[in-house]
Amino acid sequence: TTTDTTTDTTTDTTTDTAVTNPSKSFSDLPADHWSTSAVEKMVAAGIVKGNEDGTFKPGGNLNRAEAAAFVHRAIGLAEPKAPAAAPYTDVATSTWYAGYVHGLKELGILNSTKTAYNPASNMNRAEFVQMVMQAYYHYTGKTMGDAAGTTGFADVAKSQWYYNVVLLAEQAGYVNGSTCTAGKCFKPGDSINRAEVVVILDRVFGASL
C-alpha cells in the first residue's frame with residue numbers, strides 16, 4: 001500500500017511486489033498514486049527511467065548521480081558522452097553518470113568550487129531544489145535574484161544557504177511542504193524520494209515538454 005500525506009513530501013510504503021492496479025509503465029506504481037501522472041509524463045519524455053525489473057520504487061531515495069541525469073534530461077540536453085576529464089575527483093570518466101555531472105557543472109548548475117560530488121550519496125530536499133532552480137534559471141535565461149517576502153516553512157531559516165532557492169521554489173508553486181508540529185515544514189535535510197523528484201520536475205519543466 002502507499003500512504004501519502006502531501007503533494008511533495010510523502011511517506012511511501014510501496015513494496016517490491018506488484019500492486020493491484022499498477023500504472024501502465026511500472027508494476028509497483030499504483031494507477032492512482034499521487035505521482036503517477038507526472039511519472040508517466042516524464043517517462044514519455046525520456047527524462048526518467050525505471051529499474052530493469054519493471055519497478056519505479058516511488059518511495060526510494062534518489063542519489064546524486066541519478067539526480068544529475070534527471071535534471072540534465074529535463075532541460076533538454078542531449079544524452080552526453082564520457083567527458084575527457086573527470087568533473088570531480090570521485091566521478092570517474094568511465095561511470096554512466098560522468099557525462100551528466102560534467103554537463104551540469106559546465107553550465108554552472110553544479111558547484112565548480114568543490115572537488116568531490118559524492119554521486120552515491122542520497123540527495124536531500126534542499127540540495128535537489130537548489131539544483132532544479134539553478135537549472136530552471138539556466139533553461140529560461142533568467143537571472144536568479146533574491147526572493148521578496150518570507151517563507152511559510154517553519155524549518156527554513158533565513159540564515160541557511162538554501163533559504164533563497166527554497167523561497168523562490170515555494171513562491172512559484174514548485175514545492176508545498178507538509179504539515180508539522182510547527183505548522184508547515186519543508187524538511188530540507190530529508191532525503192528526497194523518486195516520486196517527489198518527478199513531481200517537482202513536472203511542476204518546473206512539464207509545461208515545456
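I worked from a predicted model, where local features need pLDDT of at least 70, side-chain atom pairs count only at pLDDT 80 or more, and totals for chains, interfaces and linings use all residues. Residues are numbered from 1 along each chain as its sequence is written, and side-chain values use heavy atoms, with hydrogens and water left out.

Entry 1, ring pairs. I searched the whole structure and found 9 aromatic pairs (rings of Phe, Tyr and Trp, its six-membered ring, with centres within 6.5 Å; planes under 30 degrees apart are stacked, over 60 edge-to-face, the rest tilted). Trp-96 and Tyr-97 make an edge-to-face pair, because their planes stand at 90°, with the centres 5.3 Å apart. Ring pairs also join Trp-96, Tyr-97 and Tyr-100 in a cluster.

I looked up Trp-96 and found it exposed, at 52% relative accessibility, while Tyr-97 is buried at 13% (buried is under 20% relative accessible area, exposed over 50%, partly exposed in between; 1.4 Å probe, protein chains only).

Phe-153 is buried at 3%, and Phe-186 is buried at 1%.

I found Arg-125 over the face of Phe-186, 4.6 Å from the ring centre. Arg-194 sits over the face of Phe-56, at 4.5 Å from the ring centre.

Methods. A charge sits over a ring if NZ of Lys or CZ of Arg is within 6 Å of the ring centre and within 35 degrees of the ring normal.
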